[in-house]
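Could you walk me through this structure in my viewer, one selection at a time? I am new to it and would like to know what is there at each stop.

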Amino acid sequence: MPLLEVKGLTKTFGGLTAINHVDFTMDEHQIVSVIGPNGAGKTTFFNMISGYYQVDSGTIKFDGHPLTKLTPEKVAAHKIARTFQNIRLFQNMLVAENILVGCYMHMKANLADIIFRLPRMRREEQEAYDKVMSLLDYVGLSGKEAELARNLSYGQQRRLEIARALAIEPKLLLLDEPAAGLNPKETEEMKQFILRLRKDRNTSILLIEHDMKLVMGLSDKITVLNYGEKIADGTPDEIRNNEKVIKAYLGVEDAEDDDAVGEVLA
Amino acid sequence: MSMANFLGRLKADAASFRLSGLSKKEWAIFVLQALIIIAAPIWLLLQPGSSVAFVLFLASILCVQKIKLPLWARIAIAVVDLALIMPIVGMTSGTFARVAAMIVIYAILSMGLNIVVGYTGLLNLGYAAFYAVGAYLYAIFASSQANNFMPFGVYPLSGNWFWLFLLLAVIVTGFVGFLLGLPVLRLKGDYLAVVTLGFAEIIRLLFNNLSSPINITNGPMGITPIQPPMLFNIKLDQPVHYYAIVLVLFLITFVVVKNLQNSRVGRAWVAIREDELVARTMGVPVVRMKLLAFSIAAGIAGMMGVVFAAMQSYVDPTSFTFMESIVILCMVILGGTGSIQGVIIGALAVVVLQLQILKDVSSYLTSLTASGILNLPSWLNPAKYERLIFGLILVLMCIFRPNGLIPEKRVLQMKAKLGIKPKAPKADQTNAASKEGL
């Protein structure tokens, strides 16, 4: 049984069809990338999995459970976590608190526990905090726990966002352009990090990315979207030689995408 | 705050305390603050009727918050000021005890509103409605009013019921908050603010008009007399008694709010304020958390309503107008939204200004006019410019200290167990970045 199974997914905004009958599957432990030119509907696709938009038609199934009509918090309860293209941290909370919010689902304290600060609750807080510290260590942010999230540098904020998502202990991690704004060296480090993530954390990863080098080097499978439609999917080698994909990228006159075409053709 | 945790903080704070590093200016401020803290209570004790001494005494509590002393010392001074000196003064001067009680009542109300406005980031312009519900709940049953519609029982209930009504008000008003929250919390930002305002007016008008066909609230005439609280059949009807009662309630509320703040619930609230969609994506049940914030804040207001009704021995709908909600909101904004210490100081500042300073200045000017030294037309009386002065202060605050007198400061409450923090903070930064990736 595939981990994530999307069938005939469609979403329109007014007259614009952002996602048009997309079918998609991924298995457990895979790293799958969604690529496509700007405006192809990649983020919309993510947002539909996350429960941000109502699905016009089609189904999303995760681990055998339908996600189609769920709210974001219910989706999270299925252990699906995500990061955002433009980093969205809780800016005025501490670094540790950001991750503690991610621990929310795994904490059980009820109102009486909290108001009287019963031992049960204190133990749970300590456990959560220890988890936060080990996550911070894992992403290389230890020592930063008591700083405000907004005071971190760009790269650190990206790492914190991933640490926060990991606090959910996700079965599926959605990364929306994790390498945006990173230089080539950092991008290579990101690649290693994602590979390590899958191994250590026992999670499957679905990512949107523009950086072809990263995508090709990382993915077990690639899905290509263009104008809301899936034009291809397959292994990196298959995608590299796919006529439609090359055409889609050549059709766009954009410096960044021209580079991408170079990568694809390479 | 767990006790052990708290003691640990005290210890750490005392250990890190140092006066030697102060600059000349800081020393001057320190000496000035220390002088006020020592002199004001002594002056007030020597001259219990002097309102200047009283205002200075209240200002000294502000200094206690700010002065560079270890936490334990500041707490000790505050306890002596609030639990020893204030009651002594209050026993001789009922007016001051009354003002002090009002300060504490508003401090508690601000802490409650701060949960909704400060933590959760929902603008509530109708907080006085919950205050009204609590006040009427006690007023109706602790006066003969309930005889008009209750089929059983003899009213007024004795003041011994006061304590039960405190609890009952929390539950009833919390539930009212929950009910109001259900439809209201689907809205966001400005819409939410306007709808809370509307609901508050509906509640006030209900109290204003529920005098027929069944007389429940006695309409605009209000309800009086209301039984004062009794403890083991001893009447507690002096202002200083109310001061003692609200001081205890203050402590309880403070601890409860603090505990909530440092829990998964408190963090969820702030997360909702910061970014609601992301909070949901992290699995925070946003609607439930907002309802909880709304209900708890409402419960706190209801509890204070009971005290207010008992203390005034009279309630009518004019005590719970839109202006009342705005005043409480001002305290929160003035003190610092999201900061407990801030909103307490905000309440102190606003109440002192309202009930003490403006009145004092007015009566001083009137006395000057009466003795012929000054010819002040009555329309220039400062007490009449209360709202103007309020407005000015708020405008100035927004320009110069937009985050309030004591801005929200997030502190990490927990300490890692030994062995969890493996590296020194400084060195790992660059290392980790290159090693860990990203």
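This is a predicted model: local features need pLDDT of at least 70, side-chain atom pairs count only at pLDDT 80 or more; totals for chains, interfaces and linings use all residues.

Ser313(B) sits in the loop between α12 (286-312) and α13 (322-335) of chain B. Look at the backbone here: phi is positive, about 60 degrees, although Ser313(B) is not a glycine. Is the residue buried, exposed or partly exposed? Ser313(B) counts as partly exposed, because 16 C-beta neighbours lie inside 10 Å.

Now jump to chain A and pick His29(A), in the loop between β2 (16-26) and β3 (31-35). His29(A) also is a residue other than glycine with a positive phi, near 70 degrees. It has 13 C-beta neighbours inside 10 Å, so His29(A) counts as partly exposed.

Back in chain B, select Thr224(B) and Pro225(B) together: the peptide bond from the one to the other is cis, with omega near -10 degrees. You will find Pro225(B) in the loop between α8 (189-209) and β1 (230-231) of chain B.

Next, highlight residues 386-400 of chain B, which form helix α15. Its 15 residues reach 21 Å from first C-alpha to last, close to the 21 Å expected at 1.5 Å a residue. The number of buried residues in α15(B) is zero, so the helix lies largely in the open.

Finally, show both chains and turn to where they touch. The contact takes 50 residues from chain A and 40 residues from chain B. On the side of chain A, the largest share, eight residues, comes from α5(A). By class, that side has 23 nonpolar, 12 polar and 15 charged residues.

Definitions and conventions:
Residues are numbered from 1 along each chain as its sequence is written. Chains are lettered from A and ligands numbered from 1 in the order in which they are written. Helices (H or I, at least four residues) and strands (E, at least two) are DSSP runs, numbered from the N terminus. The expected span of a helix is 1.5 Å times one less than its number of residues. A residue is buried if 20 or more other C-beta atoms lie within 10 Å of its own, exposed if 12 or fewer, and partly exposed in between; C-beta atoms are placed from the backbone. Two residues are in contact if their C-beta atoms, placed from the backbone, lie within 7 Å. Ala, Val, Leu, Ile, Met, Phe, Trp, Tyr, Cys and Pro count as nonpolar, Asp, Glu, Lys and Arg as charged, and the others, Gly among them, as polar.
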